[in-house]
Amino acid sequence: MAQQRARGREETLLDVDRLFPADPGTRSVARELYAHIRDLPIVSPHGHTDPRWYAENEAFPDPAQLFVVPDHYVFRMLFGQGVKLEELGVPTRDGTAVETDSRKIWRRFAENYHLFRGTPTRLWLDHSFSTLFDIDVVLSAKTADFYYDRIAERLAQLDYRPRALFERFNIEVIATTESPLDDLRWHQKIGESGWTGRVITAYRPDAVVDPAFQGFRENIEIFGEISGENVGNFAGYLDAHRARRRFFKSLGATSTDHGHATARTENLDRGEAERLYQKALRGDISAEEADAFRGHMLTEMARMSLDDGLVMQIHPGSWRNHSQAIFNRFGRDKGFDIPTRTDYVKALKPMLDVVGTEPGLSVILFTLDETAYSRELAPLAGVYPCLKLGPAWWFFDSAEGMRRFRELTTETAGFYNTVGFNDDTRAFCSIPARHDVARRVDCAFLAELVVTGRLREDEAHEVAHDLTYRLVKEAYRL
Amino acid sequence: MAQQRARGREETLLDVDRLFPADPGTRSVARELYAHIRDLPIVSPHGHTDPRWYAENEAFPDPAQLFVVPDHYVFRMLFGQGVKLEELGVPTRDGTAVETDSRKIWRRFAENYHLFRGTPTRLWLDHSFSTLFDIDVVLSAKTADFYYDRIAERLAQLDYRPRALFERFNIEVIATTESPLDDLRWHQKIGESGWTGRVITAYRPDAVVDPAFQGFRENIEIFGEISGENVGNFAGYLDAHRARRRFFKSLGATSTDHGHATARTENLDRGEAERLYQKALRGDISAEEADAFRGHMLTEMARMSLDDGLVMQIHPGSWRNHSQAIFNRFGRDKGFDIPTRTDYVKALKPMLDVVGTEPGLSVILFTLDETAYSRELAPLAGVYPCLKLGPAWWFFDSAEGMRRFRELTTETAGFYNTVGFNDDTRAFCSIPARHDVARRVDCAFLAELVVTGRLREDEAHEVAHDLTYRLVKEAYRL
Amino acid sequence: MAQQRARGREETLLDVDRLFPADPGTRSVARELYAHIRDLPIVSPHGHTDPRWYAENEAFPDPAQLFVVPDHYVFRMLFGQGVKLEELGVPTRDGTAVETDSRKIWRRFAENYHLFRGTPTRLWLDHSFSTLFDIDVVLSAKTADFYYDRIAERLAQLDYRPRALFERFNIEVIATTESPLDDLRWHQKIGESGWTGRVITAYRPDAVVDPAFQGFRENIEIFGEISGENVGNFAGYLDAHRARRRFFKSLGATSTDHGHATARTENLDRGEAERLYQKALRGDISAEEADAFRGHMLTEMARMSLDDGLVMQIHPGSWRNHSQAIFNRFGRDKGFDIPTRTDYVKALKPMLDVVGTEPGLSVILFTLDETAYSRELAPLAGVYPCLKLGPAWWFFDSAEGMRRFRELTTETAGFYNTVGFNDDTRAFCSIPARHDVARRVDCAFLAELVVTGRLREDEAHEVAHDLTYRLVKEAYRL
């Protein structure tokens, strides 16, 4: 029977029962749950797609530029096995020449495709290849050119333009992420275009909140100009945030996003905050002071969220640009962001002592340290009204990672302190694949609860719908 | 077939096969193991039920006062979703009025019952509702009044008084937990009553060991009076402990219990211990010194255990009363105790260097940091004769939590360095439910070992019995 | 059916389907995968067997001396339950008498054999008892003498001598581990003997790299003599390493191994390195300086590996000899090495900034802190070309431990940043058992991926072969 199923599986890139439990009884419950939610629209409240795509609606250039060159999940794995980033066409900061022949890049990727066995990247890619490009053979050195030609041919078609794919993906709403310094021109253009796709922004102020951010002082200057506020003192600086948040809201934003090295918060008195801000402006702030300032700004942002209703997302714990050599040559986001151990219990206390029990506030916590799920995050989110748990993030946005998230948080925080799925991606074609994985893994988890007598089947159907759709819209106020 | 099973499940609140593995072959082994141990008496060596219940044997007041108001598992989840503690009747410290209409409290609980989906609280409650109150519909806004009336009616019956339930629950022995300052009057009254139920105390000296404990200096004064020892110096203070331990033993105590913020132990010389004690008495001890003093007292308690044979329990790692606002208004134990990362390897070394290899000593370790199971606790308990592992605790007293405990400790420490189950509860009606969950999860784990060829079925039967009954009695010397 | 299977299981010590998934469909895929790799030769690139065995090819003395006295997995569990090490014949440092009657030792072991239920030690032992000694009853007090006699009888036979077992185990190559101070006489003797078994050494320089190592200064003196280099200064000391590495390579070494308390690396300038080295030589180096020196030596060793091609293994995170009392009486390696929390992200950065992106270098990382798998190790190994992940180590060299390793690393690092299995053992007879466990667990994991549509069956066959054989040989350059 296993042989037979195995043969069945080999006829296509996608097993119809993928990610469902192996046990036949549990699998059939999972299948049933999934059947009721698989076609729900995609609500994507947090991600990094480029709003220009939707504004200009140009064709994606070619297979390599779509799937390899911009995707750090892909090129980090190849680099880790000895392929040079230059050979993959990843642009250098100083403009040194890199591979420009997209077919060559694609072939390098194809001949190393076995490296992705067992990874979510493989699942996402196969999902795209199969559902978007109607391919049913595995990518390899042998099939590289067939793949390239098929994908290139399709990308030239009008129905593979960004807006057409957006509609085909059944996206109800998608959020992008922008800096306060961004003029949001693409969002404005989308709004003026008459196209009905809902693309909104999110307020990500790291560039003007982190004194260690590249170009911080210049950023603050621009921040003053673009907001029309006097950023020479801390009160004016906070006003500038308020102004930009208003502007972001006017272009649909319902959330802010904060990417800090740790989850540290502070509640400094106004004089100390001013002192640190002035040091940051002068560029003589110490590392510890900069960290305190960042921590204090989380509390200030929470206070602003109480006023303007923007949902607050905290994404801590990534050691950015771990390799100095790679950063120097290629810049940020080149696959060298590494998770670190992250504390929440002590770190969040100053902010929680200010706003923690406000039911009107919504703070969504993420982690790259899975040990915090059961020890810190579920206990905190299970009692503080303002706290909710974001889904399994980044390296844990995978079948096993999502399963662990549910196993480690549900018993303490339940389902209703979680907020559904984030695809959190720049890889446009992976969006339906990622949401599909999340839906399947949740249905598998729920089916397991049903079959082991921990949840009734009618309740599981309701929870599946909540996790896929209702909780996302409520948590992000969409 | 899954459909059929699902329908079967919907007819009652409790699936007869709940928590058993989904795979039919494994499930049948689990069922068989469970059948042999399900009716063993409950041995409850660690918990927080109120001895007054057994002494006075009064009826429990009403459904809300039994299931909602005193249970922090319940009201923390409701609070975390925006229900005020006042609306749930949780009393304030200053006596400000809170909801007193128990039916209203019950309805608020009932209409939010979906929040508990997937949590152990849901399993425990459904178990009580089904087995004690013969209810077979799910609690909800619609069924709230039906529930209230049924439960209230039963609570008025004589066979729902504490002693009757104690006997119905088949409790062989239960331990409560008292401070050295307690006069143990209820235990004495139970002893004098002629009732044969075995209710014993346990010695929990935090109030006179932790210089940061509320009212520490007054506590020490009372400690001197109640023990008749001169607590003006450290030697007399230790004698006071010895005296109270003797008194607790005379009322059945076989164990002590220590709730510290960390697992830190110290082995100070006598002069240093005296110095810290005097500072604690004067109230000018620093935070670090207070921590050292607490740590040293664990070693002193271990030494006393060597003499008087009381089993020592260490429950470290809870950040108590994390929200200052909630503590100020409602006091301790309001669901705001949050686990923290906990080290054992360095922390326990001073104590272990003194008593670690004494086979006559028994120290039971607990954790709220699951990462310590495989990395620290199982390796330590697997070699130090005095150390044993307490069961999955608090947030981890759940099906998934217990499964992880076994998966992460068994291969290094085996089964025989563990001590069976603790219900550790104030929620009287949950006691049989909790023990039942533990028995089922252990049988499920053992069945998995049997079916995957890691344990013979005859041995699994013996282990199931040991984990449920024999090891508990031996470890706690009951 | 479960009953029937259970009866089947009881007829022998070894279930033919042990460690395969319970679900019948998944089990049949696992069985099929395993059938194709079960008979592959054993490649054992890291271990601690005694080269003298192979050189002299003497009979093993008796059952207790083979299975109990030298195996810390065995005697630590017995000690932890109150059996004295003296009663198990573990030799004392000062020569105080211990039990010498091997049959008595064996009986003590046998009557406590139930302690090993659920542990990998039990699986390994039963595998040896069954496959090597044709025993099919469980060891117990009752069967102790039968076991002793059977094993003793076989050990006297020529085909139970080390070389015969080596061949019977189908070992293609095995590495031992030696100090730079070792003259490798046994390896030379093996080479000269004409026997074709491939036994190679590995370079483990802790004794001359760690200033806190017992006898460090004397060790350095011998190091100078044996290498013929002037170890009075740091440059000469490095040359001594180079010389000894050359010598180790001449006797087959393809790797070095580094057992440090943490994963700390440093990249000191030459003057600072010299300064610390001189302090170490004088014996007045502080604990922090010694730690920095060890950290710097990892970077130096990595540089040397770039030159001479030796694969570098880093085994951090063990708190050695945790019990001072046991160390004083019995010395090192007595079961009191306890894992500690281990950081890699900050710790490895200095070394990685020097050699991290060199594809010619191969550094294999191990851990005793499983929380690092998904948070740190897989992300690091998934992007740095020089890094690979060693298999689940020591306390985690077990079915559950190996499963967690795959579940927590594969999605980020894939299979191809891992290096297959290490048995890492002194217990010769356990070698085939350990490799068999690893092969079964990998096949079980792969079968799960196949059945849940995450990997095609043809690919799973290739991965199973790679993990068992190809990747080991490539990673260790064998």
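In chain A, strand 1 and strand 2 (residues 171–175) run parallel and are joined by 3 bridges. The model behind this description is a predicted one. One of the pairings in chain A puts Ile42(A) together with its bridge partner in strand 2, Ile171(A). Helix 20 (residues 430–451) of chain A packs on this sheet, where it touches strand 1 and strand 2 of chain A. The direction of helix 20 of chain A makes about 100 degrees with that of strand 1 of chain A. Taken as a whole, the sheet of chain A is open and has 3 strands in the order 1-2-3, with parallel pairing. Strand 1 (42–44) and strand 3 (199–200) of chain A are its edge strands, and each of them pairs on one side only.

Turning to chain B, there is an open sheet here too, made of 3 strands in the order 1-2-3 with parallel pairing. Strand 1 (42–44) and strand 3 (199–200) of chain B sit at the edges with a single partner strand each, so one side of each has no neighbour in the sheet. Strand 1 of chain B pairs with strand 2 (residues 171–175) of chain B in the parallel sense, over 3 bridges. Along this part of the sheet, Ser44(B) stands opposite Ile174(B), which belongs to strand 2 of chain B.

Next come the helix pairs of chain B. Helix 2 (residues 24–37) and helix 20 (residues 430–451) of chain B have axes that come within 8 Å and cross at roughly 130 degrees. The two helices, helix 2 and helix 20 of chain B, are therefore oblique to each other, and their crossing is right-handed. On the helix 2 side of chain B, the residues in contact include Val29(B), Ala30(B), Leu33(B) and Ile37(B). Helix 20 of chain B meets them with a set of residues that includes Arg439(B), Arg440(B), Cys443(B), Ala447(B) and Val451(B). By class, the residues of this contact between helix 2 and helix 20 of chain B are 11 nonpolar, 2 polar and 4 charged.

A second pair in chain B is formed by helix 14 (residues 270–282) and helix 15 (residues 287–308), whose axes come within 10 Å and cross at roughly 125 degrees. Helix 14 and helix 15 of chain B are therefore oblique to each other, and the crossing is left-handed. Helix 14 of chain B brings Arg270(B), Ala273(B), Arg275(B), Leu276(B), Tyr277(B) and Lys279(B) to the contact, and helix 15 of chain B brings Glu289(B), Ala292(B), Phe293(B), His296(B) and Glu300(B). This contact of helix 14 with helix 15 of chain B has 5 nonpolar, 1 polar and 5 charged residues.

That leaves the way the chains are arranged.

Key
Residues numbered from 1 in each chain as written. Chains lettered and ligands numbered in written order. Predicted model: local features only at pLDDT ≥ 70, side-chain atom pairs only at ≥ 80, totals over all residues. Heavy atoms only, no water. Pairing = 2+ DSSP bridges. Helix = DSSP H or I, 4+ residues; strand = E, 2+ residues; numbered from the N terminus. Axes fitted to C-alpha atoms, helices over the stretch in contact; angles between N-to-C directions. Parallel < 35°, antiparallel > 145°, perpendicular 65-115°, else oblique. Left-handed = near helix turned anticlockwise from the far one by under 90°. Contact = heavy atoms within 4.5 Å. Nonpolar A, V, L, I, M, F, W, Y, C, P; charged D, E, K, R; others polar.
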